[in-house]
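Have the viewer open and follow along.

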Amino acid sequence: MSHPHPELAPPPALPDGGLRVTPLGGLGEIGRNMTVFEYGGRLLIVDCGVLFPEEEQPGIDLILPDFSSIRNRLDDIDGIVLTHGHEDHIGGVPFLLREKPDIPLIGSKLTLALIEAKLQEHRIRPYTLEVREGERERIGPFDCQFVAVNHSIPDALAVAIRTPAGLVVHTGDFKMDQLPLDGRLTDLRAFARLGEEGIDLLLSDSTNAEVPGFVPPERDISQVLRQVFARAQRRIIVASFASHVHRIQQILDAAHEYGRRVAFVGRSMVRNMGIARELGYLKVPAGLVVDVKTLDDLPDEKVVLVCTGSQGEPMAALSRMANRDHQIRIVPGDTVILASSLIPGNENAVYRVINGLTRWGANVVHKGNAKVHVSGHASAGELLYFYNICQPRNLMPVHGEWRHLRANAELGAQTGVPHDRVVIAEDGVVVDLVRGKANIVGKVQAGYVYVDGLSVGDVTDAALKDRRILGEEGIISVFVVVDSTTGKIVGGPHIQARGSGIDDADFSSVLPKMDEALAKAAQDGVAEVRQLQQLVRRTVGKWVSDTYRRRPMILPVVVEV
């Protein structure tokens with residue numbers, strides 16, 4: 001199995017007749033999915049998603065793929081194929097279209113409707129091409145065929161890309177639910193036909209490659225939900241992804257059966273369910289869904305609230321309810337259902353929300369104590385079955401952390417893909433398909449691009465490190481006035497601490513050390529402001545470390561008069 005090396009050089013020119021594959025996100029992480037295909041000097045992008053921040057990225061709203069490797073080639077992009085409407089696959093599109101708004105978007109009806117609503121907020125009107133499973137479209141030199149796959153959102157598609165370099169299949173996110181709620185199966189017959197034709201390179205979803213067996217059907221959740229609804233004494237509050245139409249459909253069905261009314265809470269939830277309902281993907285009995293403002297007129301035992309926040313996002317509705325920072329107040333007897341999985345890295349945030357809800361008396365039902373979630377990604381048994389159908393000549397696991405990619409690679413090898421044709425790459429690693437063989441040839445920049453409010457890319461890893469220090473250790477500011485000719489202190493030092501746990505009065509013991517250090521610097525002829533600031537920082541920092549074993553941020557201000 002070939003794998004990346006940290007010292008890979010930039011890739012050479014693409015050989016004539018070769019196809020280049022460059023993942024800019026989604027490998028080694030869950031999110032930020034984006035893959036760039038190049039043939040004959042033209043580019044095709046599959047997905048452009050976001051990654052949601054973790055605790056060690058304070059203040060960050062979203063994390064984008066790094067567009068720097070294609071920024072000078074935006075005119076070469078023939079289109080962006082969107083496999084489905086989840087944020088980790090479409091959330092980055094508005095930021096790419098800000099740089100070139102007329103790049104065509106290709107996707108299914110629901111996927112395009114979701115991205116168009118998002119782009120409206122950014123005041124971008126995209127060029128779109130709606131496609132359905134079974135259709136083929138020529139997008140520049142790329143002959144694209146779209147294949148139905150089952151996932152946790154309707155209308156998901158895989159894409160088969162034909163060029164003279166060979167046939168490449170990108171699965172997007174998929175599973176093999178044999179009893180899907182909408183009756184739309186993963187089209188194994190189409191994949192078998194592609195396998196007969198000869199798949200030169202298969203890019204396959206890796207998320208559940210470590211999980212043995214097969215994913216249970218989505219409809220298994222219905223019975224569990226009915227049991228929860230039957231026991232609930234007061235309000236039921238359900239947290240789910242704002243795009244999980246199948247899960248919301250089951251909530252609506254259970255609410256209708258038990259005579260409850262449903263209100264959607266949260267801008268993205270209201271928007272997405274409105275789109276799904278309008279396009280016919282969500283079946284809503286008349287009078288079932290009401291405005292959240294009318295809930296005060298209904299008894300608690302007749303109310304269901306559907307909101308966002310199943311991943312513990314700080315600003316989402318459920319987290320705010322747990323923190324008593326929302327108009328909807330949790331009271332004893334309420335039932336809260338977290339109808340989703342735990343995205344890796346979010347565990348602490350989710351359990352913090354569960355504990356907060358429980359504190360206020362809610363009965364919290366989640367994946368750990370009830371079967372209220374099934375995954376949208378194929379498990380190991382399904383992947384083995386899939387590889388035996390497709391029989392790819394080369395395999396490149398995508399969409400997953402390192403452990404998922406490795407497990408998926410092993411599954412491919414077990415089904416007969418030669419080890420030297422299983423490519424384990426990471427973000428930015430360039431893979432060329434030349435004469436039927438896929439090889440790693442180099443690496444391009446593919447780091448994190450942080451979105452903080454209206455700022456895109458301005459926050460660096462160094463800035464995040466400073467934020468973490470401020471959050472964990474606090475800040476100490478030191479103000480000193482020195483004589484510009486002698487270097488002697490004529491004012492201060494004045495020291496203040498915030499968030500460090502050190503009382504300002506305690507700094508009296510460090511003042512003699514600073515006087516001594518600055519006096520010695522004056523004797524040595526050190527009078528440059530930057531050098532004096534470094535001296536102040538070292539002196540105070542050493543005293544704090546020796547006295548308190550802490551490392552706060554120290555901000556020295558030296559003024560010359």
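## Around helix H10

Just after H10, Gln-391 takes a positive phi of about 45 degrees. A word on ground rules: this is a predicted model, where local features need pLDDT of at least 70 and side-chain atom pairs count only at pLDDT 80 or more, while totals for chains, interfaces and linings use all residues. Residues are numbered from 1 along each chain as its sequence is written, and side-chain values use heavy atoms, with hydrogens and water left out. Helices (H or I, at least four residues) and strands (E, at least two) are DSSP runs, numbered from the N terminus.

Back to H10, which covers residues 380–390 and packs with H4 (residues 188–197) at an angle of about 45 degrees, the axes being 7 Å apart. Those axes are lines fitted to C-alpha atoms, for helices over the stretch in contact, and angles run from 0 to 180 degrees between N-to-C directions. The two helices are therefore oblique to each other; in this scheme, angles under 35 degrees count as roughly parallel, over 145 as roughly antiparallel, 65 to 115 as roughly perpendicular and the rest as oblique.

Who touches whom? On the H4 side you'll find Leu-188, Phe-191, Ala-192 and Gly-195, meeting Tyr-385, Phe-386, Ile-389 and Cys-390 of H10 (contact means heavy atoms within 4.5 Å). Sorted by class, this contact has seven nonpolar, one polar and no charged residues. Here Ala, Val, Leu, Ile, Met, Phe, Trp, Tyr, Cys and Pro count as nonpolar, Asp, Glu, Lys and Arg as charged, and the others, Gly among them, as polar.

H10 also has a buried set: Ala-380, Gly-381, Glu-382, Leu-383, Phe-386, Tyr-387 and Cys-390. Buried means under 20% relative accessible area, exposed over 50%, partly exposed in between (1.4 Å probe, protein chains only). These buried residues pack against H4, strand E12 (201–205), strand E18 (395–398) and helix H11 (402–414).

Strand E10 (residues 157–163) has seven of its seven residues buried, so it is largely enclosed by the rest of the structure. Leu-157, Val-159, Ile-161 and Thr-163 point one way, with Ala-158, Ala-160 and Arg-162 pointing the other. E10 and E11 form a hairpin with two residues between them.

In strand E16 (residues 335–338), Thr-335 and Ile-337 point one way and Val-336 and Leu-338 the other, and all are buried.

The pairings are set out below; two strands pair if DSSP finds at least two bridges between them.

| E9 (residues 142–148) and E10 | antiparallel | six | Gln-145 and Ala-160 |

## A buried glutamine, and the whole chain

Gln-249 lies in helix H6 (residues 245–257). Gln-249 is buried, with a relative accessible area of 12%. Leaving aside neighbours within four places in sequence, Gln-249 is in contact with Tyr-281, Leu-282 and Lys-283.

Zooming out, the protein has 14 helices and 25 strands. Of its 561 residues, 54% count as buried. The C-alpha atoms fill a box of roughly 85 × 70 × 45 Å, taken along the principal axes.
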